[in-house]
Amino acid sequence: MTTAAQNAPQTSPQASPEQAPIRIDIWSDIACPWCYIGKRKLESGIEQFSASGDAPAVEVEYHSYELSPDTPIDFHGSTTEYLAERKGLPLVQVEQMLDRVTGIAKDVGLDYDFDSVQHVNTVRAHELIHFAKANGRQLEAKERLLKAYFVEGQDLSDIAVLADLAEELGLDRAAAVHALEERVHHDDVLADQQQAQAYGIQGVPFFVIDGKYGVSGAQEAATFADVLAKITSDREEANA
């Protein structure tokens with residue numbers, strides 16, 4: 001899906017400080033339902049902010065975060081099974097939680113299908129996103145993997161599945177397989193996680209906006225638009 005963030009123009013070295021792009025760094029996980037919802041709300045917030053026409057561009061970069069790093073790499077089961085069996089939550093409670101988040105997702109245009117979602121260890125998916133980033137397609141890869149996980153029920157621990165998705169995005173399939181098999185971007189994933197620890201991030205999605213403001217959770221679009229507007233106002237005052 002094309003978004004304002006994905007199409008943000010690049011800044012020239014001569015751009016004035018108040019018109020330099022506003023950078024948003026996002027820590028999130030492919031297996032986090034609120035991260036996909038938060039992504040849509042952020043996109044709407046950027047659209048609201050950019051509606052004036054003279055607003056600075058917004059640049060987005062995603063960073064790796066694993067909600068369930070203890071998931072075995074070869075685990076195969078549904079989200080319901082994982083939460084009920086491995087986390088010890090009552091099945092009725094899990095089903096109610098998933099029904100609630102499915103309804104909230106639908107409100108932002110997402111059709112979650114938890115009956116088909118395959119809960120996996122997401123480290124390989126994060127490595128693929130870093131591979132895509134190295135090839136200029138990070139935002140497209142993030143969107144595609146979230147859809148593959150929550151809507152299509154694809155197994156994102158399977159290297160062949162991930163390689164197919166990379167190829168679909170126009171990336172070299174053989175290079176993607178090599179990167180995943182050789183763990184080329186594993187250190188990049190670890191670096192993201194270490195930065196999250198340094199920031200004190202304990203849950204996702206978490207947004208660091210312009211290196212100053214931290215926004216936790218899938219906030220409403222207006223919240224993101226307001227933060228972006230405040231940053232713009234602060235820049236104008238600082239350069240008045």
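Contact here means heavy atoms within 4.5 Å. The structure is a predicted model, in which local features need pLDDT of at least 70 and side-chain atom pairs count only at pLDDT 80 or more, while totals for chains, interfaces and linings use all residues. Residues are numbered from 1 along each chain as its sequence is written, and side-chain values use heavy atoms, with hydrogens and water left out. Helices (H or I, at least four residues) and strands (E, at least two) are DSSP runs, numbered from the N terminus.

Strand β1 (residues 22–28) has a partner in β2 (residues 58–64), to which it runs parallel, joined by 7 bridges. Within this pairing, Ile26 has Tyr62 of β2 as its bridge partner. β1 also pairs with β5 (residues 206–209), in the antiparallel sense and over 4 bridges, and here Trp27 stands opposite Phe206 of β5. Of the 7 residues of β1, 6 are buried (under 20% relative accessible area, with exposed over 50% and partly exposed in between; 1.4 Å probe, protein chains only). The strand is therefore largely enclosed by the rest of the structure.

Axes are lines fitted to C-alpha atoms, for helices over the stretch in contact, and angles run from 0 to 180 degrees between N-to-C directions.

Helix α5 (residues 138–150) packs with helix α4 (residues 123–134) at an angle of about 150°, their axes 7 Å apart. That makes α4 roughly antiparallel to α5; angles under 35 degrees count as roughly parallel, over 145 as roughly antiparallel, 65 to 115 as roughly perpendicular and the rest as oblique. From α4, Ala125, Leu128, Ile129, Ala132 and Lys133 meet Gln138, Ala141, Lys142 and Leu145 of α5.

Which residues does Lys142 touch beyond its neighbours within four places in sequence? They are Ser28, Asp29, Ile30, Lys39, Tyr62 and Ile129. Lys142 is buried, with a relative accessible area of 2%. Gly38 is 104 residues away from Lys142 in sequence, and the two are 13 Å apart in space, C-alpha to C-alpha. Arg144, also placed in helix α5, counts as buried at 12% relative accessibility. Leaving aside neighbours within four places in sequence, Arg144 is in contact with Glu152, Gln154, Leu165, Glu168 and Leu169.

Another helix pair is formed by α2 (residues 79–86) and α3 (residues 91–107), whose axes come within 9 Å and cross at roughly 140°. That makes α2 oblique to α3. Thr79, Thr80, Leu83 and Ala84 of α2 make the contact with Leu91, Val94 and Leu98 of α3.

Definitions and conventions:
Pairing = 2+ DSSP bridges.
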